Amino acid sequence: MPDRTGADVSNDLQGAAGGSHVGAQGGDGAFVILTLADQLCGVPVLAVRDVLAYQAIARIPLAPREVAGNLNLRGRIVTAIDLRERLRLPPRPAGAPFMSIVTEHGSELYALLVDEVSEVLTLRHAAMEANPPTLPRIWAEHSHGIYRLEQRLMVVLDVTRLLQLQPDNPDTAIAVAA
Amino acid sequence: MDDLIAEFLTETNEALADLDLALVKLERTPDDQATLSLIFRLVHTIKGTCGFLGLPRLERVAHAAENVLGRVRDRELAATPGVITAVLASLDRIKLILFALSANGAEPAGDDAACIAALDHAASGEAAPMPAPATEAAAAPEAGAVEAPSAEVASGSQTIRVGVDVLEELMTLVGELVLTRNQLLQISRAEGTNLFTAPLQRLSNITTDLQEGVMKTRMQPIGNAWNKLPRLVRDLAHETGKKIELDMRGQDTELDRQVLELMRDPLTHMVRNSADHGLETPDIRRAAGKKEAGTIRLNAYHEGGHIIIEVADDGRGLDVAAIRAKVLRSGLATEAELAVMTEAQVRHFIFRAGFSTAAAVTAISGRGVGMDVVRSNIERIGGTIELASTPGQGSCFTIKIPLTLAIVSALIVKACGERFAIPQISVLELVRVGGVGGTAAAIEQIGGAPVLRLRDQLLPLISLGTLLRLQEADTKADNATVVVTAVGSGMLGIVVDDVYDTEEIVVKPVAPILRHVTMFSGNTILGDGAVIMILDPNGVARGAGLSASRDRREAGAGSAQAARSDDGMALLLFRVGGQPAPRAVPLNLVARLEDIPREKIEFSSGGAVTQYRGKLMPLIAMDEGGGAGQAAGPTQPVLVFTDGARSMGLMVDEIIDVVHDRLNIELGAARPGLLGTAVIAGEATDVLDTGFWLTQAWRDWFGSAHGTPAHRRLLVVEDSDFFRKLLVPALSAAGYEVTAAGGGAEALRLRDGGLEVDAIVSDIDMPDMDGLEFARQVRAGGGAWATLPMIALTGRGAPADEARGREAGFTDYCQKFERDSLLVSLQQCLTEQVPM
């Protein structure tokens, strides 16, 4: 029986690859665990096509600031989205290493740039908790919920929402206009 | 063979194969309604197509079979083996006829009576003796080929049907292969000659061949996009009462399926346009000495990796004057800007958004979505469109489009360390600038905007790095290269740091997130694996604020003509007659603005008057009603115009504002009392014809007998239609007999034609021959007008100008729009002149 958050997941992730699987699995879900400015986050493993270590990224002039550039993944052009910019986190120190999580959305490939990808964890859906009401808006908008891991808290990222970068997103619209 | 027949053969052969299977299935399960309707539909289609193509034998046989099947479908007849056999026999007969058709392109002679009789028997429910199809077949001329049909038909047509998606997939794969090949070649070049060099070269050649081969599978003759046109043209001819011949050439020219699909609508639209706007009605054509039927000619051919498509008509050609007027009216350019444009540039306005010259919106075209959509569709696929037109002889649009969209040849350039691809089709030439030797051309600046002298032209430049915000504006570009690109009707120089090479690139669409960045038409992966953006020169031009056909907003883009400024003037905006749209009048024509208490407005002889400064002043309402009181308040706002001792008040609803703006007026307003429409403060605004309203008041209230000064003849020389329209009525109203000329040359012709006048009023700033030159010519050589008083009108009043004017021969100098001083000046000049 899908719990409340489970239902949310399947609704919100309609278009995202793997989204339906998360709901369908019911019991357990595997998450790719990543770090963003010291915050532990997770992405449903079925939404992830590839995890890349450092890649040359060609910047795109005039792109929204979240768009870090393009990268070449075995002959396919992948749009790189810097999640630090996307979630309005402080920028990554220059020269600091980063990794990318490749995901498919509407037959386009996107690489989500994160600080580090550490492991894959299988967690029970029922254990996921709703976002605390005090969560900053930018996080709440892009999160399905929170897992309490032994040491730290992990935010389950909503990949579909993260990729909604169209000019209809006011943040982006401003960034574009500026 | 006819294309239609060939297609029919392919389709029917497929249908027949399906039918064989379905009939056998039906025999086993006679009650299967789905199969039955499938069979019925297939036979029905064959019959229908035969009838359409004029194949009577096939049609008769198919019709008989359809009859039988119809009855089976309606459950009036059981699908007994006898019935099925009869139908199968008819199918064999159809195959036989088809075979002869594919061999000879025509139906063979022969008699199908027995076959049809058998079917009719079956239809009537009687079991009939079945004639053996094979013996009947002997009646056909190709008697020997009894058993050949199925095999021969298949091999004869030599085509198979493949889903478009399969071809698309193949093309994508070939694209990837080309990329990988490029990558390998790059590595190989870096490594120098080794074992791999030779096989790699072979691989490269094979890849190229494969690419061409696969592209060929996607090729379709352009005739496919044209096949609906004859019907369209016929209908259009019918609707418009014109006689139109459609001449299509080069239908076999092949181009990529994707390109073809994208070209279909623009072509249809252009043919519509030609039929609707381009060609004249038969009587007009006859009067012009042309043959009654107009011709629309479509021509397609290959030219150097591109397809050229021409859409030409032998109609009236583009009416440049109408375009000019329309451009002014819609505010796309000012009179001054138009004045310096060539006819070709003016014609190019038809490609601008919101432009349509059709006087009336017809069902066929003229809905304001027109050539601009055509142009943007063509540009979207990396093509260009050009236009040539000769008045009275017709127009010709030339479209140049790439053979394919998937793989294009592009120039790789570098700006600020980043590489970009520019499609070769839009690159005209490369110019080195700066350089140490000093021989290369140099970039010059006009008001901070970089330009380049390119032979006889001033080329506006855009620094790619600055435009894409890769760097701060770098004015000192040494050792740069200018990529001269064709954008719309003009050219644009894109300044880059370096130019590498041309490379065949596979165009990949940009991610949806980046679609709003119009400067890029896609991205691609280079041989070295780098991802780079493909520039769209038209998008770059737009991004630089310089539209393809020179937008008004281009400002800093550095075209030399932007320097020519028009006179700005103070304009009074007001509302009148309950209309929401504001009206405008030049402020210096208005003597005063008054709020007249409503109770002070009196009515006499059916018109409104008020006592104003001790005199009666007529009040004119601008709406048809003619009565006062359209403003609700206790007072009536009135614009007071005075002339000597006479005053007239124009009642308005509300005075809005005084703005300082350029008056780019479009003439030919349909309503009297208005000069036309101009864009003022960003809004389309009707401009008042004060002369009209003044004469209205005077005729009504003072009578023409009143106070006309001695009959004097004036010549007004003024290039601007607007000022002319303003001056002439005002001067006529003052009692002068006015002749107007649009320029110095025209005025001199009038002189040579024997026109007699008493004084000349001339503008100074005019194209071709300015007022000073005109004055010199009038004074020189003792022509008929050599001693006439000449009054100069000018927007500027610097004493130096005035001195130059007097030197050239002007008697007096007046500010434009200062009507009173002009009248005074005329009075003085003429009284001085009278004794002569």
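Predicted model: local features only at pLDDT ≥ 70, side-chain atom pairs only at ≥ 80, totals over all residues.
Figure 1. Let us begin with the make-up of each chain. Chain A has 178 residues, and 39% of them count as buried; its secondary structure comes to six helices and 10 strands. Chain B has 836 residues, with 40% of them buried, and contains 25 helices and 35 strands. For contacts between residues at least 6 apart in sequence, the share that joins residues at least 24 apart is 57% in chain A and 63% in chain B.

**Figure 2. Where chain B meets chain A.** This view turns to the contact between the chains, to which chain B gives 21 residues and chain A gives 18 residues. On the side of chain B that touches chain A, at least two residues each come from helix H8 (164-191), strand S17 (520-525) and strand S18 (531-535) of chain B. Sorted by class, that side of chain B holds 14 nonpolar residues, along with four polar and three charged ones.

Figure 3. Across the pair, A:Leu73 faces A:Arg76 of S5(A). Two residues lie between S4(A) and S5(A) in this hairpin, and in the turn A:Arg74 has a positive phi of about 45 degrees.

**Figure 4. The largest nonpolar core, and a second one.** The largest nonpolar core contains 94 residues, and A:Ile81, A:Ile101, A:Ala111 and B:Ala421 are those with the most contacts inside it. Strand S8 (residues 407-415) of chain B gives the largest share of this core, seven residues. From chain B, domain 2 (164-217) and domain 4 (407-563) each contribute at least three residues to this core.

**Figure 5. The buried side of a helix in chain B.** In helix H5 (residues 113-123) of chain B, the buried residues are B:Cys115, B:Ala118, B:Leu119, B:Ala122 and B:Ala123. They lie on the same side of H5(B) because the arc they cover around the axis is only 140 degrees.

Figure 6. B:Ala312 counts as buried because 20 other C-beta atoms lie within 10 Å, and the cut-off for a buried residue is 20 or more. With neighbours within four places in sequence set aside, B:Ala312 is in contact with B:Arg297, B:Gly394, B:Ser395 and B:Cys396. Of these, B:Cys396 is 84 residues from B:Ala312 in sequence, yet their C-alpha atoms are 4.1 Å apart in space.

Key. Residues numbered from 1 in each chain as written. Chains lettered and ligands numbered in written order. Helix = DSSP H or I, 4+ residues; strand = E, 2+ residues; numbered from the N terminus. Buried ≥ 20, exposed ≤ 12 C-beta atoms within 10 Å, placed from the backbone. Contact = placed C-beta atoms within 7 Å. Nonpolar A, V, L, I, M, F, W, Y, C, P; charged D, E, K, R; others polar. Pairing = 2+ DSSP bridges. Arc of directions from axis to C-beta. Core = buried A, V, L, I, M, F, W, Y, C linked by C-beta atoms within 7 Å. Domains from an automatic or database assignment.
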